[in-house]
Number of protein chains: 2
Amino acid sequence: MKIGIIGGTGDIGEGLAHRLSHEHEIIIGSRNKERACTMGECLTEDLRGKGIEAKCIGATNQEAVDDADIVILSVNYKHLESTLAGLTGFEDKIVITPVNPISKKDYFFFDPPAEGSAALKIKSLLPESSCIVAAFNNISAQKWKRISEELNYSVVVCSDDEDAKKTVMDLVNSISELKALDGGPLEMSGIVESMTPLILNIAKYNNMRDVGIKFF
Amino acid sequence: MKIGIIGGTGDIGEGLAHRLSHEHEIIIGSRNKERACTMGECLTEDLRGKGIEAKCIGATNQEAVDDADIVILSVNYKHLESTLAGLTGFEDKIVITPVNPISKKDYFFFDPPAEGSAALKIKSLLPESSCIVAAFNNISAQKWKRISEELNYSVVVCSDDEDAKKTVMDLVNSISELKALDGGPLEMSGIVESMTPLILNIAKYNNMRDVGIKFF
């Protein structure tokens with residue numbers, strides 16, 4: 001599958017691209033295409049050094065949408081609306097959102113839009129034929145980046161489109177030791193997103209690092 | 001410590017009483033004192049058969065509040081307000097709430113009061129000197145009941161009173177293989193409570209039983 005990562009040079013983008021490019025063709029989207037291309041070349045080279053023939057190219061965010069079957073919105077919540085406003089072509093695509101609307105005072109807290117979650121907000125902003133799927137919300141950027149480490153977490157996947165959900169669950173299960181769990185409809189995405197500030201607080205209050213979650 | 005369990009003959013009460021009575025004196029509170037006394041006798045007898053000298057007695061809910069250092073509100077959310085309205089004497093007590101405001105349509109969802117969580121609602125209903133602590137929200141009743149099985153989960157503990165939180169975390173850590181995690185202030189209790197409908201849906205959609213949670 002061709003997977004486009006919007007904001008692919010930021011935050012969790014690099015780790016995502018690295019871990020997904022073992023099995024999939026990756027288009028790293030960025031506002032800075034040159035940077036995305038450099039990252040694509042580095043990743044391809046790095047994987048070749050490990051004996052893996054990966055295809056990982058840089059592109060603009062718009063090209064990443066246009067050329068991909070699945071688009072991952074690897075964007076900070078505060079840039080979400082402006083990023084989507086500048087892009088078109090989401091019709092009939094699977095759009096994965098790992099986005100969490102979080103704010104901070106003494107501690108992190110869930111700060112959702114009126115729609116109830118970032119995922120539901122995205123649904124309201126994109127064409128009706130796009131299939132919005134919330135996934136990867138609770139894995140820390142640092143964990144994505146340390147590519148030599150296994151990811152041994154549960155990933156709750158929520159969507160109103162059962163086929164898209166199944167496709168994304170298969171994608172999740174293709175990464176490291178991640179285990180996809182069907183979390184139900186997109187309405188449940190708010191709870192999944194809200195677990196991220198809780199996880200950040202648990203890390204802070206209990207002197208833990210890069211806390212993840214497992215349901216069993 | 002003397003631990004009173006309001007609603008101790010219901011739902012999670014029996015398993016809680018059983019697992020806590022290894023190390024603590026338990027007062028099983030109930031609207032039906034006779035039933036609570038029978039349960040207390042059975043539990044004490046059962047534990048004696050295993051070589052454990054436990055003290056586990058039945059009482060009214062009011063007696064359970066009056067005689068305990070720590071009160072656990074083992075009450076269904078829909079009976080919470082009416083139960084508390086009939087009780088007094090919570091001043092200066094630690095009050096543990098495992099209560100989750102949940103509703104159901106095709107799936108379970110979080111259905112909190114205007115305060116934001118059951119714990120925050122309880123805080124608004126009880127005297128200012130009571131120390132409200134949210135804990136044990138995400139462990140299924142069935143898991144509590146099967147006392148021969150270890151409980152190998154994380155228990156997120158939230159409170160605005162640091163001393164009470166520490167006491168409850170120690171209590172959590174005294175049960176089976178449970179691991180208490182400081183989840184921060186009581187304002188975070190809404191997220192912890194909301195994980196319970198998510199867990200119930202995960203169980204339903206993924207054909208799992210008695211799902212629990214671990215942060216690591």
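User: Which side chains meet in a salt bridge at 2.8 Å, N to O?

Analyst: Before the answer, a note on conventions. This is a predicted model, in which local features need pLDDT of at least 70 and side-chain atom pairs count only at pLDDT 80 or more, whereas totals for chains, interfaces and linings use all residues. Residues are numbered from 1 along each chain as its sequence is written, chains are lettered from A and ligands numbered from 1 in the order in which they are written, and side-chain values use heavy atoms, with hydrogens and water left out.

Side chains of opposite charge can pair when their charged atoms come close. A salt bridge is a side-chain nitrogen of Lys or Arg within 4 Å of a carboxyl oxygen of Asp or Glu. Here the pair is B:E149 and B:R146. B:E149 is partly exposed at 29% relative accessibility, and B:R146 is partly exposed at 24%.

User: How many salt bridges does the structure hold over all chains?

Analyst: The count over all chains is 32. In chain A, a network of salt bridges links A:K143, A:R146, A:E149, A:R209 and A:D210.

User: Where in the chain do the partners A:K55 and A:E25 lie?

Analyst: A salt bridge may be read by the elements that it joins. A:K55 and A:E25 have their closest N and O atoms 3.3 Å apart. The pair links distant parts of the chain, 30 residues apart: A:K55 is in the loop between α2 and β3 of chain A, and A:E25 is in strand β2. Helices (H or I, at least four residues) and strands (E, at least two) are DSSP runs, numbered from the N terminus. A:K55 is partly exposed at 47% relative accessibility, as is A:E25 at 25%.

User: Which helix holds both A:K166 and A:D170?

Analyst: An α-helix has 3.6 residues a turn, so residues three or four places apart point the same way. A:K166 and A:D170 both lie in helix α7 of chain A (residues 162-173), four residues apart, about one turn of the helix. Their salt bridge has its closest N and O atoms 3.1 Å apart. A:K166 has a relative accessible area of 49% and counts as partly exposed; A:D170, at 43%, is also partly exposed.

User: Is B:K143 buried or exposed?

Analyst: B:K143 is found in helix α6 of chain B. It counts as buried because its relative accessibility is 15%. Its contacts (heavy atoms within 4.5 Å) can then be listed. Not counting residues up to four places away in sequence, B:K143 touches B:R19, B:E149, B:L151, B:Y153 and B:D210.

User: Why is helix α1 of chain B described as largely enclosed?

Analyst: Seven of the eight residues of α1(B), residues 13-20, are buried, so the helix is largely enclosed by the rest of the structure. Among them are B:L16, B:H18 and B:R19. The elements of chain B that cover these buried residues include β1, β2, α2, β4, α6 and α7.

User: In what order do the strands of the open sheet run?

Analyst: Two strands pair if DSSP finds at least two bridges between them. In chain B, eight strands form an open sheet in the order β3-β2-β1-β4-β5-β8-β9-β10, with mixed pairing. Its edge strands, β3 and β10, each pair on one side only. From one strand to the next, the twist averages 25°. Within the sheet, β4 and β5 of chain B pair in the parallel sense over three bridges, and B:V71 has B:V95 as its bridge partner in β5(B).

Helix α8 of chain A packs on this sheet, touching β9 and β10 of chain B, and its direction makes about 110° with that of β10(B). Axes are lines fitted to C-alpha atoms, for helices over the stretch in contact, and angles run from 0 to 180 degrees between N-to-C directions.

User: What rotation superposes chain A on chain B?

Analyst: Copies are superposed by least squares on the C-alpha atoms of residues with pLDDT of at least 70 in both. A rotation of 180° with 0.0 Å of shift along its axis brings chain A onto chain B, with an RMSD of 0.0 Å. That is the relation of a two-fold axis. The same surface serves both copies, since 100% of the contact residues of chain A recur in chain B.

Note on methods
Buried < 20%, exposed > 50% of the residue type's maximum accessible area, 1.4 Å probe, protein only.
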